[in-house]
Amino acid sequence: MDRRHFMGTLAAAGAAAGAASALVARRARAAEQKPLGVALVGIGKLTQGQLLPALKKTSHCRLAALVSGHPEKARKVAAEHGLPEKNIYTYETFDRLADNPEVDIVYIVLPNAMHAEYTIRAARAGKHVYCEKPMAISPRECEEMIAACKKAKRQLGIAYRLHFEPHNLEVARIARERELGAVKVIDVAGCTMVGDPAQWRLDKKLSGGGSLVDIGIYALQAARYISGEEPTAVSARQTVTDRAKFKGIDETLLFSLSFPSGIVANGISSYAVFLNRFVVAAEGGRFGVDPALNYHGIRGFRSDNKPLAFPEIDQFATEMDDFAACVRAGKPTRVPGEEGLRDVRLIEALYQAAETGREVKVAP
Ligand code: NDP
């Protein structure tokens, strides 16, 4: 081969290699941009009212499967969302999710006592798991969930939507940066009312507790992310106004958390009233959110009258997108299983404190 021919062949080979690597890069980019498939487990109020509509607003997620004990409801919801029937599972066929490559993330939206079992089964099926709060009903279950996801090399995230809510994030920032001086007292309320006396929330076997595990957990969380510290001691006491409805679970729990720096948090968790607000008292003024944890209309305030206001976000779409982005990038989520475990340990300590009437020391 003469030199001219040789150079021509080399150029053609170079161009072919360039085109091939551009194709690989294009495919990789397309894979990066392809939304991750989410299987929603349990088609209850949260799934129907919030998660299904929110999924449509996400950039990195799409509905890929439904798991339900009620096939007729599942078929109807699937049809409404353009999901093929082959992607409907039951609790019995759940493990077959392993064979469905369209599903990347399994989102557990079941009664609290079922979170551990389905998280562990999802991890064994090779899926990343996003699990509703409370993570589970005992620290031991949480540890097993974390271990199962680690073993499967899959991410585990807990659906703490306020970790993505801008007003709450701003309150934590003001506290952290001591913009109004050092924080001294945090006053947190996480309360709601429960209607139907037959619902699983009032059945300790399925819920693991009363108002604290369900709604008060937001107040507990807020005290931790606002102080930026972990409590070293907790105390609590319970009151009940409706003994027929709240049997063996807390209707109202008043609690106090002591933090290493001396910050104290006072909290109320209740199923008896609608009330939710997080108020921070610092050396130089007060700030907070009221309401603090609603799906819509969260409002911030500062005693120096500077604005604490942000456009409303869809908290569910934002948290799902963030988890999917973390999964795709192999980056840890800001709401890992370990975060859920911390709260479940504190809840256990708070129930113990309420039962014994004594302060309970907790490992920070
Ligand atoms: P629902 O009772 O409305 O729905 C739970 C669903 O779980 C049911 O519809 C059912 O779905 C399935 N399920 C399976 N077994 C049972 C059982 N034995 N008893 C009752 N339901 C069962 O509850 P929510 O949607 O309100 O709550 C689900 C989870 O989401 C809870 O962990 C809760 O704490 C959390 N949550 C979080 C919120 C947030 O803001 N992050 C807000 C509300 C709830 P199917 O019929 O399809 O099988």
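The protein chain folds into 10 helices and 14 strands, taken as DSSP runs numbered from the N terminus (helices: H or I, at least four residues; strands: E, at least two). The model is predicted, with local features needing pLDDT of at least 70 and side-chain atom pairs pLDDT 80 or more, while totals for chains, interfaces and linings use all residues. Residues are numbered from 1 along each chain as its sequence is written, and side-chain values use heavy atoms, without hydrogens and water.

Along its principal axes, the C-alpha trace spans about 95 × 50 × 35 Å. Of contacts (heavy atoms within 4.5 Å) between residues at least 6 apart in sequence, 70% join residues at least 24 apart.

What share of the 364 residues is buried? The answer is 51%, where buried means under 20% relative accessible area (1.4 Å probe, protein chains only). In soluble globular proteins, nonpolar side chains tend to be buried together. Here, the largest nonpolar core holds 108 residues, and Leu40, Phe255 and Phe278 have the most contacts inside it. Such a core is a set of buried Ala, Val, Leu, Ile, Met, Phe, Trp, Tyr and Cys residues joined through side-chain atoms within 4.5 Å. Helix H8 (residues 211–227) supplies the largest share of this core, 11 residues. A second, separate core of 5 residues includes Leu202, Phe246, Ile249 and Tyr271.

The count of disulfides (pairs of cysteine sulfur atoms within 2.5 Å) is 0. For Cys61, the nearest cysteine sulfur, that of Cys326, lies 11 Å away; Cys61 is buried, at 5% relative accessibility. Cys149 is also buried, at 2%, and its sulfur is too far for a bond because the closest cysteine sulfur, in Cys131, is 9.1 Å away.

Definitions and conventions
Buried means under 20% relative accessible area, exposed over 50%, partly exposed in between (1.4 Å probe, protein chains only).
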